[in-house]
Structure formats: structure tokens, C-alpha cells
Amino acid sequence: MSEPINPRTSEPIFNRILDEIGRCVAPIWASESRTAPPPTVSRNGTCGFVDTGERRFILTAHHVLEDFRRMRAIRPAAVLAVNLGPGCTVALSAPEIIDEHEDLDVAIIAFPDLELHASHNKRYFPIRIWPIATVVRGQAIAVSGFPGALRITTPLFGSFEPMGFGMCVSSASDQSIVLADENGTLRTMGPNGETQERVRLGGFSGSPAFLVHPSGPQIVGVFRAGPRGNESDTGTVVFLSPTKYLRRDGTLDRGLMPIFSPRRSDIEN
């Protein structure tokens, strides 16, 4: 096995990868309606645009979808909003759910028409290597998302700023992938390419996580959570849900999944 890539000492590689995967992700949130003003956005997650060669869809966290369902239950006009760029937000009033799994915390939502919308530079990330890789300790992972700390809202204007980071796998199981900055390998990149040492994790929920591989980045997980409280940042620990159960048609292979044990309740996004 080749020497694991260090996100910090391999900054040029990580900068290129974070820029590449940043075009495949977008902020997603439950909006009160299609015309709700920006200040009504109190929280957001992140989603990834995926093309398996057989189907195109959004990949995100299940609890992001549940936020929409809870809002829809009390506000019938609520939509699941996806921002593709300035002035380009797609509102899904009845999103087509291809598959979902609460314990895995993954949701797959049909989104086949990304190129029909103008004024954005987003693209689908092509998954062409099947089955999806299983990660092991020491491998480098890159994540790009839209933290709530960088979300700006005014009565007439709202914007999201991306943030990317790289960390190494601390442990991996059939249920979870854990990233931890055990040896000072944390690498972060802000919206203008600047390095930032810490970034709050709220808003990363649903971000695809990519294995840094010589043949190119590969989706291996979905951002699920970080620890609760003031330490909820990239300097501590990150939990991912593995995507190795994903099939080309966008469904999850439950025959390969383990029996999920209860998780601790001290993690949030």
C-alpha cells in the first residue's frame, strides 16, 4: 500500500481536489415557501450532485430531509431548497425520494436536470468505480460544504460561502467512518482559497466525503455529525456515513448493511 497522503503537507493536491469537488456540492435547506425572505433560513445542510452513469440525483443526510418533512407538516407551502449560485435556487415542493435510511443517515433524492438551470457552475460528480471503495485507517478524506457560520442573510439578500477541509481516517466500520486530526494533518480552505485552522461544522450535514486517490477523488461517505457543544469544529472529530451500500440506480443495498446499533445522542449538526 502506498504512503497515505498528508492533507497538510500535500496542500497543492488538496487545493485542486477541494476546488474540483466544490463544484459538485450545494447548500440545501427547508424553506418556509418559494418566496420566503433570506432571514427565515435558520439552518442549512449540504448536498452533492451525483451521476452514476445510470441515474442522476442528490446525495445528502437523512436528517436534512427530515428537517424538510417537519417543516412541511406545519407549513404546507414549505419546499426543499437547493442553491446553485447567486440568484439560482431550485425549490422542490415534492422531492422524489429514490431511497433513504434513517440509521445510516443517508437520503437519495432525484435531481436529473442540473443543466436546465442557468447562472451556475455546478456539475454532477461521476461515480464510475463500482463497488464504492471501503476506506481504512490513515487514508486521506476531502470534504467541501457550506457552514452556517459563513451564511449571510439580510432582509433582501442571502448568500452561502463554501469551506473545504481534509483529514485522515481514524477508524472505519460498516456503520461509520471517523475522521480525527490525530497527527496535525488537518487542512482547511476558505471561500477565497485562504487557510483557516478552525471552522464550525454546522451546515456540513450531508456533504459528500471523498477519498483522495491517485486515480482521482471517490465518494466514500456522507457527513453525518460532529461532537456537540463548543468543540464542534474540524479540530476534533468528524463522523461520516459510508456510501459503499449505494447502487447505480440510486438505491441502497440493504442486503449488505449491518444491523445498526444505537448511536450516542451527543452528536449534532
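Guide: Let us begin with a definition: helices are DSSP runs of H or I with at least four residues, numbered from the N terminus. Please note that this is a predicted model. Helix α2 covers residues 62-74 and has 13 residues. From its first C-alpha to its last it reaches 19 Å, close to the 18 Å expected at 1.5 Å a residue.

Visitor: Which residues of α2 are buried?

Guide: In α2, the buried residues are His 62, Val 64, Leu 65, Asp 67, Phe 68 and Met 71.

Visitor: What is the general idea behind a salt bridge?

Guide: Side chains of opposite charge can pair when their charged atoms come close. Here, Glu 66 forms a salt bridge with Arg 69, and the closest N and O atoms are 2.7 Å apart. Both residues lie in helix α2, three residues apart, which is about one turn of the helix. Glu 66 is partly exposed, with a relative accessible area of 24%, and Arg 69 is partly exposed at 31%.

Visitor: Where do Arg 55 and Glu 96 lie?

Guide: The side chains of Arg 55 and Glu 96 meet in a salt bridge of 2.9 Å, N to O. Arg 55 lies in the loop between β2 and β3 (56-60), and Glu 96 in the loop between β5 (88-92) and β6 (97-101), so the pair ties together parts that are 41 residues apart in sequence.

Visitor: How many salt bridges does the count come to?

Guide: The count comes to 13 salt bridges. Among them is the pair of Glu 32 and Arg 75, at 3.9 Å, N to O. This pair links distant parts of the chain, 43 residues apart.

Terms used. Residues numbered from 1 in each chain as written. Predicted model: local features only at pLDDT ≥ 70, side-chain atom pairs only at ≥ 80, totals over all residues. Heavy atoms only, no water. Helix = DSSP H or I, 4+ residues; strand = E, 2+ residues; numbered from the N terminus. Expected span 1.5 Å × (residues − 1). Buried < 20%, exposed > 50% of the residue type's maximum accessible area, 1.4 Å probe, protein only. Salt bridge = Lys/Arg side-chain N within 4 Å of Asp/Glu carboxyl O.
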